[in-house]
Amino acid sequence: MVNLRSEYGGSERPVAPSMEAVAEGLWALAEHHEQGREIAKAVKCLEAICQSSVSFLPIVEIKTRLRVAALLLKHSHNVNHAKSHLERAQLLLKSIPSCFELKCRAYSLLSQCYHLVGAIPSQKQILNKGLELSAISGEGFVGRLWSCNFNSQLANALVIEGDYNGSVLALEQGLTFAMEMFYPELQMFFATSILHARVMQWDSTTLVEESVNRCNLIWESIEPEKKQHCLGLLFYHELLQLFYLLRICDYKTAAQRIDTLDAAMKSDLERTQRIRELTNEIGALNQSLSRSDLNYKDRSALFEKQTKLEEQFSNYTGVSSTGKVTLEPAYFGNVKRAFADKLELAPPPIDGEWLPKGAVYALVDLMVVVFSRPKGLFKDCQKRIQSGLQIIQEELVELGITDMAKEVELQHSAIWMAGVYLMLLMQFLENKVAIDLTRSEFVEAQEALVQMRNWFVRFPTILQACECTIEILRGHYAHSVGCYDEAAFHFLEASKLTQSKSLQAVSRIYATISFICIGDAESSSKAVDLIGPVLGVIDSFVGVREKAIALYTYGFLLMKQENLQEARIRLASGLQTTHTYLGNLQLVSQYLSVLGNLALALHDTGQAREILRSALTLARKLYDIPTQNWVLSNMTGILIYIRIHMRVLVCA
């Protein structure tokens, strides 16, 4: 039987025995219906108490309304209904001087409701009330834990408003409480959340680096056996470290992080599968034990087996198979999952997650694709793209997003989570287009591009940031099929669709290459006008990705302008940067192709042949068909050059 007095805590007056029995009976019946996934019936049982013509004590009604709200948040998108119950519970709590935990739960759940309906000012107001209550409560450890909960939610609300500095201040306050509690896992949660905010804002590489180092120190301070139960923190920490390393172009260290993430994902998949098997076995065993015709010997044997299975389940999960899940909603969004499907970041009452497990798995797959694609490991890339797309499609269906769904039809409470999966979907399709174009599979590339465009048309606000990417990919497609005018147009359009200085620079660099390929005087002039301003600010970017692409393009332009010695200097510098920092073999092969062409222009056929041979070897390894074609055409140029000079010698 559910005893909400123990579940919610708080001092209270005793309820009259007869009315207490009615409340306890309805609570138990609601729990029975919830276990049977009959949520509507569970809610009706509880609302019978709230709507009764016979008055219950206020404390009974408060606990019941909190329970109803938790059920609605856990199992439905009916946020406004939950909010109504919580606001009524909050009014009733004002007349009760004690009940610290009940008041905190009401504030916390109500904050989540405001978050889900987008009422951020109301959310901040209720969280500040919670922080004030925690500060004067004198509840010690419990009070600090609730302060941590309110600070984490407040930080999230401030990020939504774009107030990163305010968010970091709230998280620093939470970190201070966690340190006072000598709770390293909770310290890690706040330190990693601060890193998240710093990475999102990135107004100072120094501050980001300091956050990275602090996370590493705290993570190392956690005992190894405790780390095994911090899988959510492991993924959160490793992925944020990976984003940081990618931004500063430390690909060698990033590759190690990828291996760690991939191994953790595979291990967790095995663990999750075993938990599901044990859950099914325990369920079947309990059904057998419910039989009334079992003799003593058989029942004893089943009890013994049950004990062993329960012990295994506890070892895998850290809780019993009948352990209760907190009634707090998810840290982000309101979709609740089974225990094995969650990657929790912090203990109750925070009990949140950064992303659902499916999204984290898809993100790991995406990171593997990002690292494998420049190395030409397309078979593994295709497998990961397929895996990621399958995960995302299943999760989108769970959110009610089918083939015909549109943005305007989404419930507000589903928008955030839908945005996560849709952005991941677009990035998988982006990599698919890039791979297809590299392999000259133009039909497949076109189909993926059409998919991206269709998703954007249906979800224009959520996917607004993808509009620039789609234009860039359209430019790459046009360039790959020789439509250089059209390619330049798309690249320039892309530069107008983003506020990102990096994307603007990259788009203009791509447009420059297309203009160079057109080859007439007017286009060459446009190429010079585009690349000049980019070169002027190239050292201001974090990392060297933009610099490597810009040097390649500028060297190519100088070669076309027959400024061959300067072109060689620029290309050699860019090649060294690419090889040392990026490890992008595809770009290396393209550098070698241009350098081979340059050597041919300098009449050094021996060097041209060696360089082009290396470029062709790399291009074949990468299945880079366009680069292979270009290298072979240059090699043909070498043969023509040799034949012409042989004729001259013969005639002489």
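Buried means under 20% relative accessible area, exposed over 50%, and partly exposed in between (1.4 Å probe, protein chains only). This is a predicted model, where local features need pLDDT of at least 70, side-chain atom pairs count only at pLDDT 80 or more, and totals for chains, interfaces and linings use all residues. Residues are numbered from 1 along each chain as its sequence is written, and side-chain values use heavy atoms, without hydrogens and water.

**Exercise 1.** Compare the reach of helix α5 with its expected span.

*Solution.* Find the helix: α5 covers residues 79-93, which is 15 residues. Apply the rule: the expected span is 1.5 Å times one less than the number of residues. That gives 21 Å for α5. From first C-alpha to last, α5 reaches 21 Å, close to the expected value.

**Exercise 2.** Find the buried residues of α5 and the helices they pack against.

*Solution.* List the buried residues: V79, A82, K83, H85, L86, A89, Q90, L92 and L93. Then look for contacts (heavy atoms within 4.5 Å). These buried residues pack against α3 (39-50), α4 (58-75), α6 (100-117), α7 (120-137) and α18 (412-438). Finish at the start of α5: a side-chain oxygen of N78 comes to within 3.5 Å of the backbone nitrogen of H81.

Methods
Helix = DSSP H or I, 4+ residues; strand = E, 2+ residues; numbered from the N terminus. Polar contact = N/O pair within 3.5 Å; in protein donor to acceptor, adjacent residues only side chain to side chain.
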